[in-house]
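Hi everyone, thanks for coming. Let me put the sequence and the model up, and then we can walk through them together.

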Amino acid sequence: GVDILISNAGNAKQGRLAEVDPAEFRKSFELNFFSHQTVAREAVNLFLKQKSGGVLLFNASKAAFNPGKAFGPYALPKAAVVALTKQYALDYGKEGIRSNAVNADRIRTGMFTEQFIQERASARGLEPDAYFSDNLLGREVMDSDVAQAFLHLALSEKTTGSVFTVDGGNIAASPR
């Protein structure tokens with residue numbers, strides 16, 4: 001059976017919205033949104049057959065709340081993932097299925113090439129070395145911090161429809 005799904009698909013497509021190739025924009029939605037919906041749908045159908053509840057956990061992004069210049073092709077589908085999280089909580093909470101998301105920011109992954117770091121740092125008026133620690137705590141958020149957030153949500157038996165932020169402090173990106 002399946003008890004917990006952690007949906008972690010993503011690829012940071014960039015560009016100003018009116019200039020992005022429509023096919024590339026759709027590809028971004030396919031990966032950054034529809035892949036989450038596809039695996040969540042399958043997991044929920046298994047949860048319902050098992051009649052034992054279940055946990056959906058989605059990797060959203062701070063971009064869902066604070067997109068950044070020329071970052072719409074990534075941010076818009078990630079904002080839709082936040083809505084997806086809440087909709088699953090509404091639709092399946094009575095069946096004991098919990099749905100939550102992690103809202104992380106600037107985590108070193110394979111997605112962050114040197115060029116990407118330079119572009120995102122430049123968009124924020126930063127030097128590349130300062131990019132990962134530019135938050136209220138002045139500390140880089142590690143992938144292990146994000147993993148701990150997923151674990152916390154998986155174990156939080158009375159939490160659903162929530163977005164858990166792991167970003168070192170970014171008031172502009174905090175959900176209100």
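**Pocket, sheet and core**

Let's start with the largest pocket, which holds about 500 Å³ of space. A word on the source: this is a predicted model, where local features need pLDDT of at least 70 and side-chain atom pairs count only at pLDDT 80 or more, while totals for chains, interfaces and linings use all residues. Residues are numbered from 1 along each chain as its sequence is written, and side-chain values use heavy atoms, with hydrogens and water left out.

By pocket I mean an open set of points on a 1 Å grid over the protein atoms alone, with protein on both sides within 12 Å along at least five of seven lines; lining residues have an atom within 4 Å of a point. Grid points are joined across faces, edges and corners, and a volume is the space filled by probe spheres set on the points.

So who lines this pocket? There are 29 lining residues, and Asn59, Tyr74, Ile107, Thr109 and Met111 lie nearest the centre. H2, helix H3 (114-123) and helix H4 (143-155) each give two or more residues to the lining, and H4 gives the most, with four. Helices here are DSSP runs of H or I with at least four residues, strands are E runs of at least two, and both are numbered from the N terminus.

Now the sheet. Four strands form an open sheet in the order S1-S2-S3-S4, with parallel pairing; two strands pair if DSSP finds at least two bridges between them. Strand S1 (4-7) and strand S4 (162-166) are at the edges with a single partner strand each, so one side of each has no neighbour in the sheet. Strand S3 (residues 97-104) and S4 are joined by five bridges, and Asn103 stands opposite Thr165 in S4.

Helix H1 (residues 22-50) packs on this sheet, touching S1, strand S2 (54-59) and S3, and its direction makes about 170° with that of S2. Contact means heavy atoms within 4.5 Å. Angles run from 0 to 180 degrees between N-to-C directions, with axes fitted to C-alpha atoms, for helices over the stretch in contact. Helix H2 (residues 72-92) lies across S2, S3 and S4, also at about 170° to S2.

Last, which residue touches Val2, Ile4 and Ile97, among others? That is Phe47, whose contacts also include Leu5, Val55 and Leu56, leaving out residues up to four places away in sequence. Thanks, everyone!

Technical notes
1 Å grid on protein atoms, 1.4 Å probe; cavity = no way out; pocket = protein on both sides within 12 Å on 5 of 7 lines; lining within 4 Å.
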